[in-house]
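Thanks for making time this morning. I would like to take you through one model, chain by chain and then contact by contact, and I will give the cut-offs as we go.

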Amino acid sequence: MGLFIGRRLIGSLPILFGITALVFLILHLIPGDPAQIMLFGTNATPEQVVNLRQALGLDRPLLIQYGDFVWRLLHGDLGVSFISQRRVSEEIAIQFPATATLALVTMVIAAGIGLSAGVLGAVYRDGWVDMLGTGFSVLGVAVPNFWLSVLLILVFAVHLGWLPALGEGGVRGIILPAASLGWGFSAIITRLCRASLIEVLAQPYVSTAYAKGLRASVVVLRHALKNALIPVVTLLGLQLGNLLSGAVVVETIFGRQGIGSLAVRAIQAKDFPTIQGVVLVVALVYVLVNLLVDVVYAALDPRVHYG
Amino acid sequence: MKTRRVKRTLVAKALRPGERAGAVRLTRRGLLAGAAGLGSAALLGPLVRSAGTAPVARAATAPQGRVVFGMWQSPESLDPGTSGLISSGYISLNVFDPLIWHLPGMRQGQEYFPGLALRWEVSADAKQFTFHLRKDVKFHDGTPFTAQAVKDTLEHIVNPETKSRSAITALGPYSHTEVKADDVVTIVFKESNGAFLNNVATSGLAPISPTALKQYGNQGVSQHPVGTGPFKFQEWVPGSHVTIVANPDYNWAPVVAHHQGPPHLAEITYRIVPDASTRFNALKTGEVLVAENLAPTDVTALLHAPNFTVFTASVTGMPYAIMVNVKRPPTDDLKVRQALEFATNQEAIIEALYKGIYQPAHNIFLPGTLSYDPSLDKMYQYNPARAKSLLDEAGWKAGPGGTRQKDGQPLRLQFINIANFGFDQISQLLQAQWQDVGIQTDISAQSFPTVAETYNKGDHNLADFFYYSVDPFLMRALYACDQVAHGFNWMHYCDPQVDTLVSKGNATADPAKRIPFFRQAAKTAMEAAVVIPIYQQRAVFAASSRVQAVRFTVNGFPIFYDATLRA
Amino acid sequence: MDAHAPSTPRPFPAPLAGRRPSRLLRQFARHRLAVAGGVLLLVVFVLAVLGPVITPYNPERVRIADRLRPPEAAHWLGTDQFGRDVLSRVIAGARPTCVAAVIAIGIAAGTGVILGAVAGYAGGAVDGVVMRAMDIMLAFPGILLALVVVTILGTGLVNVMIAVGVSLIPVFTRLVRGTMLSIRQREYVLSARAIGCRSARILGRHILPNVWAQVAVLSTTALGWAIIAGSTLNFLGFGVHPPTPEWGADLNTGREYLNAAWWMSTAPGTAIVLVILAINFVGDGITEALDPALRRR
């Protein structure tokens, strides 16, 4: 197992490098001069703009800029934000926990809804329970996130007053944003879980278990579910990218701090260092989480063989 | 008591002109003005009692109450000398004190009132300004306030390392500062700077603690603002909120305030809520007690709600307007520009979007601004027939699909909006109005600050305009020839005569002498049809009725010094 | 099973070749919701084609006097802030919304199939490179990728959809590659090889139909994602140019008027929800029709 993890980690390095190259390239393809933007409104003379470009190193050949960027990266230096003049690593460190917490709670809610609907759907196949469950979770995907969030605020915060409209302040504040995001993710979990479970339930060893006299719930929950969880777990890891997309919207609507809104502000302001920093951090998390998922996968299904 | 609903309040100080560099207060949606029910929208008339009466004794009880203010944009810096954003301005206003206060209309015959400076003199050529300062003022970190602090602050602003976005423009052609004594300071300019008195009355040029400047450096003070104001900075959680708390030692409030001593409120939290509907909902749930920039329909709903107050304050400067690019065809033709002016129906736009809230604008200055000339309003009143004949004269004949054409080219304009600023609705209405006279408009959007570069390049025929200021000298920033390549002159308009007039207008500090120059400059600019005024903006805030006695500056920023929170 | 495949739906176990279309259709018809969905999609397709012709009013006609009217006889779904008829805008909005989504999926599926097929069939180093590239794209948050593309290309519905399409390429690539790899190992393919069938025939009769089937299923879900992604980008301020009616854009505009005129956002929003639900159910129907294990009894 250790060897496996080690090998995967090393295998991830090219991906991380590829991402840095990709993001670096894209940013420099975007029309617009960051130095000009930073100095906008400051009455700077053209000479000052040129000076700033030089100071930021933007006038050097791309390859050298990239090399410098990677070198500093290896020392943990993500640069300084063009807008706020703070260190990018600091800014991300401040904003990251909020998004991470949101992501976690979202996945918990998504899994909760998805697994329940999936299990019920598989067991009571084709009945109205099945339709209800599938319908409910699919609704989460069909409703655009920003609208759903506003509706949730209207119902639960304004009319019922149960939960706050602003998504901060601990437990109560995170429920609505996470529910809005989580509902959307639950759909695919439901579908996968249900399909997997149906297939598993048709297997011979399940009938054997029934024949042995085990109760239905035990059969389903202990034996079948464990195998059905495999694709679900892998999926959660891969959805991380989508999670950030959803987080961008939800953080804006609920007024939460987080990487999503940080990224959007940075893109609009052409704040290269921050954009690069965010993308890298997200990619790193993505790689780590998927590694974790593969490990869990191997643990859940001993039949899987990693060549 | 109708007047309780829409409170007008004390205008405490003019704001720095360059202030709007990144500013968007201009609205995300339209600020609203509950002029409905107000009748006489007196411009700067405060409800506050008038001159002469001495302010009340010091606050009787200890500061109490916490107000949460919902604002839409995250500040990028809390240093008034650096920042260009309104969000930052809201906060600085309560953490820093200006040298003087600009309150036209407050008292007969007096426009400026003492702040940290007790009295001041201006040289005849408006190049030297001497201030005699109070001796009993301390910064939040205990440093005594002296003339040296003023000098250090101004040097900080002009220092290129600071990258000041707005204060540096407000300061003007700065030469140096002379510390004559601990309580006497003279600021010297390279050229006449008649606008300076208006600008020094803003938080942009407010003194910063020299100790803080030394300790944190030019960049560091962005995160550690130390001023002399009624509130002091406590914390800034980026992306979330900024908290300021009452300054217990505060004892140098301006005479125009309602009380002396520490503020009534214990704490103010400026909460960042980017989404307008959430700001409104948070106001309804009580999570936010004051909210800015709400959608017009939402504000209208609150006008008649029992537990809410809508505060409005008129501002001076320029109205919200569309800038027309004079260098790019087809708007390089004066007749086409004039046709646009006549084809614009400001009243209909107000009726559709801002009914009862804003007034339509027909002038490049707002009423109440020095040198505002009401006769210019008549220059371009809605007259589609006139617009059509102008286009005919310019050679644009009726063409297919209702769009005119000339030499086989359709009459098409590129209208580039600033994304997410709330101007897109106006542009849609204009698009429809202009189509009626045969002009086709393509609307697209780019976000700020990227769009600023586009505007500077001149790829547009029409641009959003969001820069404004209190002093007519703002024409320097918007209409000057040297502001085309890198500044705010998005009309690419250059008329040396206008530039000269504007400089002359700034050569003296005497308002009476400045007026004729600015009037002439304004008339010339309007005749060139480079700007299409749309509405007179006002500052509009909605608040829980528990919040009382909020005052506003000439630019409509809220001051919480006298404010209280009812239980 | 290699580490990349688990995320994809399992390929259909029995050979698809030889199944008659009529049988598939009958299987599909057993799924009631799928049929309902199919009908709705047909209606939407008709609207998209006929749209501008059948609207009661010109969807772009501004009439201030009629602004913000609730649903009434003259305007079944009310009017918006400019007095434009909401029903007309919803009908007319079908076309841009659908065309955009189809473009996005076209780009994603088209590129994905090619890349995935190449990777799956060639194997080895080519496979490695392609999959690494896909991993890189997947690690790049979709919305940021779309935002960056839009910043480069400019706003506008087409550009937005290109951005969305590009961000969906990796999903399709993985699916196709995974399917190809899986099928190659299946018994019926191995036996076909054993009895001497040529590669091309195996490809044509066994692998490709399976691939199309999987792609079809994924496309239905992905269409939903594309529509949502488009409206999210609208929310962020990059989107269709006014005054074009488009569901996502109108939904976003209507949000501002939620308290004063709930019909402005409810109409396009409901349209989006119904269409995506329909797409999903149709996708479910196709999956069940093709996969005997999931077939309804």
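I will begin with conventions, then turn to the chains, their contacts, and some local features.

What we have is a predicted model, in which local features need pLDDT of at least 70 and side-chain atom pairs count only at pLDDT 80 or more, while totals for chains, interfaces and linings use all residues. Residues are numbered from 1 along each chain as its sequence is written, and chains are lettered from A and ligands numbered from 1 in the order in which they are written.

Let me start with chain A, which has 13 helices and 0 strands, where helices (H or I, at least four residues) and strands (E, at least two) are DSSP runs numbered from the N terminus. Of its 307 residues, 49% count as buried, a residue being buried if 20 or more other C-beta atoms lie within 10 Å of its own, exposed if 12 or fewer, and partly exposed in between, with C-beta atoms placed from the backbone. Among the contacts in chain A between residues at least 6 apart in sequence, 71% join residues at least 24 apart, and here two residues are in contact if their C-beta atoms, placed from the backbone, lie within 7 Å.

Chain C, for its part, has 10 helices and 0 strands, and buried residues make up 56% of its 297 residues. Residues 24 or more positions apart account for 72% of the contacts in chain C with a separation of 6 or more.

How many residues of chain C are in contact with chain A? There are 39, and they meet 45 residues of chain A. On the chain C side, the elements giving two or more residues are α4 (124-139), α5 (142-153), α8 (199-235), α9 (247-256) and α10 (263-290) of chain C. That side divides into 25 nonpolar, 10 polar and 4 charged residues, where Ala, Val, Leu, Ile, Met, Phe, Trp, Tyr, Cys and Pro count as nonpolar, Asp, Glu, Lys and Arg as charged, and the others, Gly among them, as polar.

Chain B also touches chain A, with 37 residues of chain B in contact with 38 of chain A. At least two residues each come from α4 (167-171), β11 (267-272), α7 (276-285) and α13 (450-457) of chain B, and the largest share, 6 residues, comes from α7(B). By class, this side of chain B has 11 nonpolar, 18 polar and 8 charged residues.

Six strands form an open sheet in the order β15-β21-β14-β20-β18-β19 (chain B), with mixed pairing, and two strands are said to pair if DSSP finds at least two bridges between them. The edge strands are β15 (359-360) and β19 (440-446) of chain B, each of which pairs on one side only. Further in, β14 (residues 320-324) and β20 (residues 462-464) of chain B pair in the antiparallel sense over 3 bridges, and B:Ile322 stands opposite B:Asp464 in β20(B).

Helix α9 (residues 334-343) of chain B has 8 of its 10 residues buried, so it is largely enclosed by the rest of the structure. Those buried residues include B:Arg337 and B:Glu341, and what covers the buried residues includes β14, α11 (384-393), α12 (424-435) and β21 of chain B.

In the loop between β14 and α9 of chain B we find B:Pro330, which is joined to B:Pro329 by a cis peptide bond with omega of about -5°. As a reminder, most residues other than glycine have a negative phi, and most peptide bonds are trans.

Another is B:Ala529, with a phi of about 50°, in the loop between α16 (511-527) and β21 of chain B; B:Ala529 counts as buried, with 22 C-beta neighbours inside 10 Å.

I will stop there and take questions.
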